[in-house]
Amino acid sequence: MAVQKGVVSGVYQSYLIYASANGEDWSLVVDYGTKKTDTPHDYIEFEEPFKALYIKLQNKEYTVSENFSVRDLRIFGKGQGSTPRAVNDFTVERDEADPCKARLCWEAVPDAQGYIVRYGIAGDKLYNNFQVMGENTLEIGSLNREVAYYFTIDTYNENGITRTSQIMSVQKNAEQNLNRL
């Protein structure tokens, strides 16, 4: 049997998770109220889908401290509406004084909860990204000086992601050669 590193015997957290569609009527969806194992990063995949707008986490027992804390609680699901439209057009400007910086601007998309700005060193290698919420601009200050970069902006909301087909490149020189792919 393999031994998991970092596990401290006797440490555990027991909890319950409730879901509600209206914030008044709650249903128990996870009952770990008697759980006695150390699983600080639980992943729960539900076999049957359920509708919820609100999630409530109730601590039952935490052996480390009297204080209960949650570092991260992520809920995944699908909405019942439409995904937002794609970003129609955007600009990318590389800073002439500091080519390690680039500024992206785009028109806000109605019904988008946020944007995913993806970028990389080739149009098919957009491995880096930033999540942007509440803004329609982004300044990136971590580019390499002598490298051309490619950018695209996707939109998302509770119903899914809309990929933008437009990819723009910014060349490595200060002349700001922008190319649409």
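A pocket is an open set of points on a 1 Å grid over the protein atoms alone, where a 1.4 Å probe fits, with protein on both sides within 12 Å along at least five of seven lines; lining residues have an atom within 4 Å of a point. The model is predicted, and totals for linings use all residues. Residues are numbered from 1 along each chain as its sequence is written.

**Exercise 1.** Describe the second largest pocket: its volume, its lining and the strands that supply the lining.

Solution. 
- Step 1. The volume, the space filled by probe spheres set on the points, is about 360 Å³.
- Step 2. The lining has 13 residues; Ile116, Gln131, Tyr156, Asn157 and Ile161 lie nearest the centre.
- Step 3. Strands are DSSP runs (E, at least two residues), numbered from the N terminus. Strand 6 (114-120), strand 9 (149-157) and strand 10 (160-162) each supply at least two lining residues. Strand 9 gives the most, with 3 residues.

**Exercise 2.** Describe the largest pocket: its volume, its lining and the strand with the largest share.

Solution. 
- Step 1. The volume is about 1,800 Å³.
- Step 2. The largest pocket is lined by 43 residues, with Phe46, Leu73, Arg74, Ile75 and Phe76 nearest its centre.
- Step 3. At least two lining residues come from each of strand 1 (13-20), strand 2 (27-32) and strand 3 (54-62). Strand 3 has the largest share, 4 residues.

Definitions and conventions:
This is a predicted model: local features need pLDDT of at least 70, side-chain atom pairs count only at pLDDT 80 or more; totals for chains, interfaces and linings use all residues. Side-chain values use heavy atoms; hydrogens and water are left out.
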